[in-house]
Amino acid sequence: MAENNRAVVKLKERFADSVLDCKEFRGEVTVTVKKERILEVLKCLRDDLRYNFLTDVTAVDYLGQTPRFMVVYNLYSIPNKDRIRVKAPVTENDCSIDSATALWNSADWLERETFDLMGINFTNHPNLVRILMTDDWVGHPLRKDYPLQGPDREPYKGRLS
Amino acid sequence: MASNEIMTLNMGPQHPSTHGVLRLVVELDGEVIQKITPHIGYLHRGVEKLSEHRTFHQTLPLTDRLDYLAPMSNNLGYVLAVEKLLDIEIPERAQVVRVIMNELTRLKSHLVWIACHALDIGAMTVFIYAFREREKVMELYEMISGARMTSNYFRVGGLSKDLPVGFEQKVQEILDTFPGHLDTYEGLLTKNTIWLQRTVGNGVISAEDAIDYGITGPALRGSGVDWDLRRDNPYSGYENYDFKVPVGENCDTFDRYKVRLVEMRESLKIVDQAMKRLKPGPILADAPQVCYPPKESVYNSIEGLIHHFKIASEGFPVPEGEVYQGVEAPKGELGYYIVSDGGTRPYRMRIRPPSFVNLGAIEKMAKGSMLADLVAIIGTLDIVLGEIDR
């Protein structure tokens, strides 16, 4: 179970008031922490628990829930060959979180993409500009309230004939 | 003219050595690279957004179009992630076929890499030879799936159809002839003075930096990190096969070249072992709520027809939860992070593309080297823009 995972034990001990939730599903451990301490949590995982590889940074939009966004970090430990997932809730009004570029350079592009498509602001990111969409694009396409066909077109209503 | 003048040069998106629609803005001091600003997104099709509006079966063909040089690896990552969410067991035969096709895909992808990489550096013969031999794998693709590139052969729960007659013979032909082909490429390149001058000491990135920049796959192993998901976090039965994971020492383009060449030979070894494990049996999991019924049942019984219709129109519900599944694609770690809300469509599907993250390190690798070396560095990263832009 997730409670017995050594990383979870350590995080609960070190960040007792900041760990919001820990879950195990299909053998994968997910820890949810407060976004204010995300950098400290990631640093602890990297330096003390040997999760030295930042595989992925992304975000999920839970439209209609509060907090609306969940920023997701997938970490991997090359020495121990295991994974852990760290999540941090971000609200719609204060849509920002500290950038992990201070810890990993790989966070640079991954966070730019998350900013571009999901509209999460990563504070202290060295170059937070759009990466896949054009610079003058309006809106963030992966948000749930962004229509599939684009903001300026009528929704597809099926074949007319 | 002032000697410290910086020249800004645009490279791409229509440039033969940028392997697609990659655009680089390079700042040069003389011929020495000072800064590179990659511009990507010319091929962005919104695959992640589209998938939220399609059922789990309908999302599968989208994944073919990510890394179009290795469609089966993309399919595999996706079906494994959905199968993990569903928690279903895949029959032995389907797993073995998946391994065979994945290793042939790796071979095919690496053949394009060696062809284009050599062509970029000036070795035209290798390009023509490798593309000729790649055709053998393409024929096999066409034979089993009907398509040369967008194969869409795997299904959630197994395979779309069983192997055709003559498959074993075709694979055996590849196994018999390819070691010789690989010898030819090595003969043309490994001791070639021009090749050595262009690749040895080019694009050096240390193991620490490679991990810091998130580089995966052969590029990471070329920097001496002994890590392969097939061996370290086995999936689809890879724990049953015996293969070596090649590792480089000098962290340069030449070592990455050697790593990929050994990988191709190892892939052939895995295919050989897998062919011996290939036994008759079911190709779909015993999960009628997920898998399409056999065609005889669809055509001959009303229940079968309704069953097919339900899955094709509504899809199948997937338990609520989230999973991440990484596979060792030819370019590196390809990951699918799927969040399900219990419905028939992915609530969120995130694709972790290896090329995207690897390309992020290009400035680190190319800074301070000559402009001409940049072409070799793009080649050694082995990027595919379909996967970077998604």
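Q: How far apart are the end C-alpha atoms of helix H3 of chain B?
A: They are 23 Å apart, which agrees with the 22 Å that its 16 residues (71-86) should span at 1.5 Å a residue. The expected span is 1.5 Å times one less than the number of residues. Helices (H or I, at least four residues) and strands (E, at least two) are DSSP runs, numbered from the N terminus. This is a predicted model, in which local features need pLDDT of at least 70 and side-chain atom pairs pLDDT 80 or more, while totals for chains, interfaces and linings use all residues. Residues are numbered from 1 along each chain as its sequence is written, with chains lettered from A and ligands numbered from 1 in the order written.

Q: Is H3(B) buried or exposed?
A: Buried: 16 of its 16 residues are, so H3(B) is largely enclosed by the rest of the structure. A residue is buried if 20 or more other C-beta atoms, placed from the backbone, lie within 10 Å of its own.

Q: What follows H3(B)?
A: B:Asp87 does, and its phi is positive, near 60°.

Q: How do H2(B) and H3(B) cross?
A: The axes of H2(B), residues 56-64, and H3(B) come within 8 Å and cross at roughly 150°. That makes the pair roughly antiparallel, the term for angles over 145 degrees. Axes are lines fitted to C-alpha atoms, for helices over the stretch in contact, and angles run from 0 to 180 degrees between N-to-C directions.

Q: Which residues make that contact?
A: H2(B) gives B:Phe56, B:Leu60, B:Thr63 and B:Asp64, and H3(B) gives B:Pro71, B:Asn74, B:Asn75, B:Tyr78 and B:Val82. Contact means C-beta atoms, placed from the backbone, within 7 Å. By class there are 5 nonpolar, 3 polar and 1 charged residues. Ala, Val, Leu, Ile, Met, Phe, Trp, Tyr, Cys and Pro count as nonpolar, Asp, Glu, Lys and Arg as charged, and the others, Gly among them, as polar.

Q: And at what angle do H4 and H5 of chain B pack?
A: About 160°, with the axes of H4(B) (92-121) and H5(B) (124-145) 8 Å apart. H4(B) is therefore roughly antiparallel to H5(B).

Q: What is in the contact of H4(B) with H5(B), by class?
A: It has 15 nonpolar, no polar and 3 charged residues. Among them are B:Leu104 and B:Lys108 of H4(B), and B:Phe127 and B:Arg134 of H5(B).

Q: New topic: how many residues does the contact take from chain A and chain B?
A: 27 from chain A and 32 from chain B.

Q: Which element gives the most to the side of chain A?
A: Strand E3(A), with 6 residues. By class, the side of chain A that touches chain B has 14 nonpolar, 6 polar and 7 charged residues.

Technical notes: Parallel < 35°, antiparallel > 145°, perpendicular 65-115°, else oblique. Contact = placed C-beta atoms within 7 Å. Buried ≥ 20, exposed ≤ 12 C-beta atoms within 10 Å, placed from the backbone.
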